[in-house]
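Hi,

Here is the structure I promised to pass on to you.

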Amino acid sequence: MSEEIEGELERAPARLPVRGKTTRARTLTEIRSLARSHTRTALRVLVGVMRSEDATPAARVSAANAILDRGWGKAAQPVENGEDGMLELIQRIERVIVHPASSSSADAVHDA
């Protein structure tokens, strides 16, 4: 499959070099464009792997997840409240930033 990509890159028209961030941005844009041009084929491969009875269960699940992620977005990850009280810290920051008028009385009670 890398031969296909290399062939695509070799056939790409040559461009004059541009310096700095513009070069990097242009390169990333070109890479995204090239990758997106193969979307239909990539999805067909993923569907083929997902449906293949010869593929390992792990490969089938991985392909199915990739298809779902691209079609529906990744599932939200839950925030767990560990021993370090990270969730309380996040909630306190939210109170101070989002609801500053009510945070001074709530923090005074919490800090006391």
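Let me start with one lysine: Lys 74 counts as exposed, because its relative accessibility is 70% and the cut-off for that class is over 50%. Its side chain meets that of Asp 69 in a salt bridge, at 3.7 Å from N to O. Asp 69 has a relative accessibility of 26%, so this residue counts as partly exposed. Searching the whole structure gives 1 salt bridge. As background, side chains of opposite charge can pair when their charged atoms come close.

Before you go further, keep in mind that this is a predicted model. The mean pLDDT of the protein is 77, with 66% of the residues at 70 or more.

On the fold itself: the protein has 6 helices and 0 strands, and along the sequence the pattern reads α-α-α-α-α-α. Of its 112 residues, 7% count as buried. As for contacts with a separation of 6 or more, 12% of them are between residues 24 or more positions apart.

Then there is the surface. The protein exposes about 10,000 Å², and 58% of that comes from carbon and sulfur atoms. There is also a nonpolar patch on the surface, formed by Met 86, Leu 89, Ile 90, Ile 93, Val 96, Ile 97 and Val 98. Together these residues have about 620 Å² of accessible area. Val 98, one of the patch residues, lies in helix α5, which covers residues 86-98.

That's it from me for now.

Cheers

Terms used:
Residues are numbered from 1 along each chain as its sequence is written. This is a predicted model: local features need pLDDT of at least 70, side-chain atom pairs count only at pLDDT 80 or more; totals for chains, interfaces and linings use all residues. Side-chain values use heavy atoms; hydrogens and water are left out. A salt bridge is a side-chain nitrogen of Lys or Arg within 4 Å of a carboxyl oxygen of Asp or Glu. Buried means under 20% relative accessible area, exposed over 50%, partly exposed in between (1.4 Å probe, protein chains only). Patches are made of residues with over 30% relative accessible area and no salt bridge: like charges are joined within 9 Å, nonpolar side chains (Val, Leu, Ile, Met, Phe, Trp, Tyr) within 5 Å. Accessible areas come from the Shrake-Rupley method with a 1.4 Å probe; for residues, only the protein chains shown count as cover. Helices (H or I, at least four residues) and strands (E, at least two) are DSSP runs, numbered from the N terminus. Contact means heavy atoms within 4.5 Å. pLDDT is the predictor's confidence in each residue, from 0 to 100.
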